[in-house]
Amino acid sequence: MQNLITTEQLNSIKSEMKKKHRDLLVKRFFSNKLALFGSILMTVIVLLAIISPFFTSFTPYELDPVKRLQPPGAEHFFGTDNYGRDLFSRIVNGARVSLIIGFAVAIITSILGMIIGLYSAYYKKLDGVLMRISDGLMAFPAILLAIAIMASLGPRLENVIIALVIVFTPSVARTVRSAALVVKEQTYVEALKAQGASASRIIWLNIATNVLSPLIVQATFIFADSIIIEAALSFLGAGIPAPDPSWGNLLYDGKTVIFNAWWMTLFPGIAIMLSVFGLNLFGDGLRDLLDPHTNKAKK
Amino acid sequence: MKGYILRRLLSLIPVLFVVAVVVFLLMHITPGDPAAVILGPEASPNEIAELREALGLNRPVTEQFVSWFGGVLQGDLGNSIFMKQPVLQAFFEHLGPTLSLAIMAQILAIVVAIPLGILAAKFRGSILDQTFMGISLLGISVPSFLLGLFLILLVGVELKWLPVAGYKPLNDGLWNHIKYLILPAIALGSMQAALIARMTRSSMLDVLNANYIKTARSKGVKESLIVIKHTLRNAFIPILTIIGHTFGTLVAGAAVVETVFNIPGIGQLIINSVERRDFAVIQGSVLLIAVSYVLINLVIDLLYGVIDPRVRLGRK
C-alpha cells in the first residue's frame, strides 16, 4: 500500500507548525504592552551594566574626600557618596552584582529544582522524603533563612548565591513536581512505559520538556526575589562585604547620611525598584503566555 | 472535623522535625571551627578549646543533635554568649515591638486592600481597575525596607510629619505608640496589601461569574448584598490563605524594616547576633519564627472548616 505522505513531508509540516506556533507566541508577547515594557526595562539595565564602564570617567572605588557628598551635578550626575566616590559608577557596578546573583540563583535553582521535582514526581517513595524536606525548608520566611545561612557562611558573593539557592530550590521543586504529576498521568506516558521506555528516558525526554513553561516563569520571579533579598542582606550587613558596590551596600551607606544626602538613598533605591518591576512585568507576561490556566480568573 | 484536625496535627511532625534539623545544622555549616568563629580572631587556643567543650562541639554530631533537640523540646534554646541570658528570654523581651509592627501592618493592609480588590473586581477592566492593579504590581516590586527608606526621605526629611526612628512602648500612651509605628507599618504592609488586593480581585472574579450569583441577581437581590454576602464570603478562603501564609513573611519583613527605623525588635536582636556570631540566638529566633509560622498556617487551615463547611465535610 502506498503512503499518502512521506516522512520528510510530515516532518516539514511539523516544523512549519512549530514555527507558526512560535511566531504566534512572540506576537502575543509583544502585544502585551506591560510585558514588552518589562523586557525593554531589563534590556536597558543589562546593557548599562555591561557597557557603562567604558564611558564613565570614574571607577566605583576612586576616593575623593574633597568632593564628598556632592549633590547630582554635571561632573557626577548622580552625585558622590560620603567618601567622594562617584555614585553613578557605583550603582552601575551594583547592577552587575545584582544581575550576576539573580541570574546565577535563577539558573541553579531551576536545575536543582527540576531534578528534585521530576524525580519526586516519578518515584513515590522518594517523593515522601523530598517533599517533607522541602516543606520544612519552606516553613522559614525566605529572608530570615537567608540571613541565618549568611551568618554561618560569612559575607561573600558566592555565599549569597548559596544561601539563596537553598532558600528558593524547594519552591521550584514543588512547581516542577506538580506540573510533572499531571504529565505523568497522561496516556502517552503510559504508552511509553508499555513500550518499555526507560524511566530516565521518560523523565528527561517526555516529562521534563513539558514542565519547562511553569519553570521558566518561576525562574523569572526568583530572579527578581534574589535581587530584593541580596539588597536586603547587604543593607543589613550580611551580604556583599563593604567596599564592593552592591545596591544594598549603597543603601546602607545612604542611610547613615539620609538627612544630608537624599541622592544616596533615592538612586540605588530606584535602581532596585526598576529592575524588580521590570522582571515582574516580564514574568507576568510570560505566565499569561505560557500558562493560560492561571490567567483565566483575570479575564 | 476531629479526624481532619488530627490528620493536620500529625502532618506537622515531619515538617517540624526538618525545621529543627535545618536550624541545628546552621551552626555546623560554618567553614572552620564554630567556636573560633564565635570568639573572633583574637581568641587564644585555650579559650577556643574551652568554648568547644562548653558547646559540646567535641561530641559526635548526632549526639549533639539529640541533646540540643531534647533541650528544645523542653523549652531550652540555649544561652546567648554575649547577652548572658537564656535565648528564650531575649526573644520574648524583643517580641513586643515586632508583633506590634507586624499586626499594625497586617491591619493596614487588610483595611486598604480588600475594599480595593472588591472594587477592582466589580469594575473589572475599567481605568479604576487598571490603576489599582498597576499600583499593586509596583507595590510588589518595592521591597519593604526600600519603601521605608523612601518614606523617611519624604515624610521624615522633607515634610517632617512623623518621627522616623525609634519606638515607644504601649505604656507611653496609645498615640505615642502608634505614631512611631505608622511609617514602618506602611513600609511593611504595602507589599502585603498588594498581594491581598490582587488575590481579592481574582477570587472575587471567580465567584462573580458563578451561576448562583446570576440566580441571586435575577431574583432581584440587592447588588451590595450580592457583593458582600454572596460573593465575598465564598471568595474569602483564598484571601484568608494569602493573609495567613504571608503573616510569617510579614514577621520576617518586620525584622528588616526594624533596622531601617531603629526599632528594638526581633530583627535587631537577630542582626546584632549575626554581627556577633551569637549562634544560639540566631538559631533560637529562627526556630521560634518558623514554628510559629507553621502553627499559624495550621490555624488558618482549621479556620477553613469554620468558614466553608464544604472543607470540613468533603475532602481532607
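This is a predicted model: local features need pLDDT of at least 70, side-chain atom pairs count only at pLDDT 80 or more; totals for chains, interfaces and linings use all residues.

Q: OK. How many helices and strands does chain A have?

A: Chain A has twelve helices and zero strands.

Q: And what about chain B, how many helices and strands there?

A: Chain B comes to 13 helices, again with zero strands.

Q: What are the spans of the two chains along their principal axes?

A: For chain A, the C-alpha trace covers about 90 × 45 × 35 Å. The trace of chain B covers about 85 × 55 × 35 Å.

Q: What about contacts between residues at least 24 apart?

A: If you take the contacts between residues at least 6 apart in sequence, 68% of those in chain A join residues at least 24 apart. For chain B, 72% of such contacts do.

Q: Now the contact between the chains. How many residues does it take from each?

A: Chain A gives 39 residues and chain B gives 45 residues.

Q: Which elements of chain A give two or more residues to that?

A: On the side of chain A that touches chain B, they are α4 (124-138), α5 (142-153), α9 (212-236), α10 (247-256) and α11 (263-290) of chain A.

Q: Let's pick α5(A). How many of its residues are buried?

A: Eleven of the twelve residues in α5(A) are buried, and the helix is mostly covered. The buried ones include Ala142(A), Ile143(A), Leu144(A), Met150(A) and Ser152(A).

Q: What do those buried residues pack against?

A: Within chain A, the buried residues of α5(A) pack against α6 (157-184) and α9. From chain B, their partners are α1 (2-28), α10 (223-261), α11 (266-276) and α12 (279-307).

Q: How far does α5(A) reach, end to end?

A: α5(A) reaches 16 Å from its first C-alpha to its last, close to the 16 Å expected at 1.5 Å a residue. Just after α5(A), Gly154(A) takes a positive phi of about 95°.

Q: Switching to chain B: at what angle do α5(B) and α6(B) pack?

A: Helix α5 (residues 87-122) and helix α6 (residues 127-141) of chain B pack at about 135°, and their axes are 8 Å apart. The two helices are therefore oblique to each other. Their crossing is left-handed.

Q: Which residues meet there?

A: From α5(B) you've got Leu116(B), Leu119(B) and Ala120(B), which meet Leu128(B), Asp129(B), Phe132(B) and Met133(B) of α6(B). By class, the contact of α5(B) with α6(B) has six nonpolar, no polar and one charged residues.

Q: And how does α6(B) pack with α8(B)?

A: α6(B) and helix α8 (residues 174-208) of chain B pack at an angle of about 135°, with their axes 8 Å apart. That makes α6(B) and α8(B) oblique to each other. The crossing of α6(B) and α8(B) is left-handed.

Q: Which residues make that contact?

A: On the α6(B) side they are Phe132(B), Ser136(B), Gly139(B) and Ile140(B). Those of α8(B) include Met191(B), Leu195(B) and Arg198(B). In total, the contact of α6(B) with α8(B) divides into seven nonpolar, three polar and one charged residues.

Q: Why does Trp204(A) count as partly exposed?

A: Because Trp204(A) has 14 other C-beta atoms within 10 Å, whereas being buried takes 20 or more and being exposed 12 or fewer. Trp204(A) and Leu118(A) are 86 residues apart in sequence but 8.4 Å apart in space, C-alpha to C-alpha.

Q: Last one, Leu39(B). What is it in contact with?

A: Leaving aside neighbours within four places in sequence, Leu39(B) is in contact with Glu47(B), Ile48(B) and Leu51(B). Leu39(B) is found in helix α2 (residues 34-39) of chain B, and with 17 other C-beta atoms within 10 Å it is partly exposed. Leu39(B) and Ile81(B) are 42 residues apart in sequence and 9.7 Å apart in space, C-alpha to C-alpha.

Methods
Residues are numbered from 1 along each chain as its sequence is written. Chains are lettered from A and ligands numbered from 1 in the order in which they are written. Two residues are in contact if their C-beta atoms, placed from the backbone, lie within 7 Å. Helices (H or I, at least four residues) and strands (E, at least two) are DSSP runs, numbered from the N terminus. Axes are lines fitted to C-alpha atoms, for helices over the stretch in contact, and angles run from 0 to 180 degrees between N-to-C directions. Angles under 35 degrees count as roughly parallel, over 145 as roughly antiparallel, 65 to 115 as roughly perpendicular and the rest as oblique. A crossing is left-handed if the near helix is turned anticlockwise from the far one by less than a right angle, and right-handed if clockwise. Ala, Val, Leu, Ile, Met, Phe, Trp, Tyr, Cys and Pro count as nonpolar, Asp, Glu, Lys and Arg as charged, and the others, Gly among them, as polar. The expected span of a helix is 1.5 Å times one less than its number of residues.
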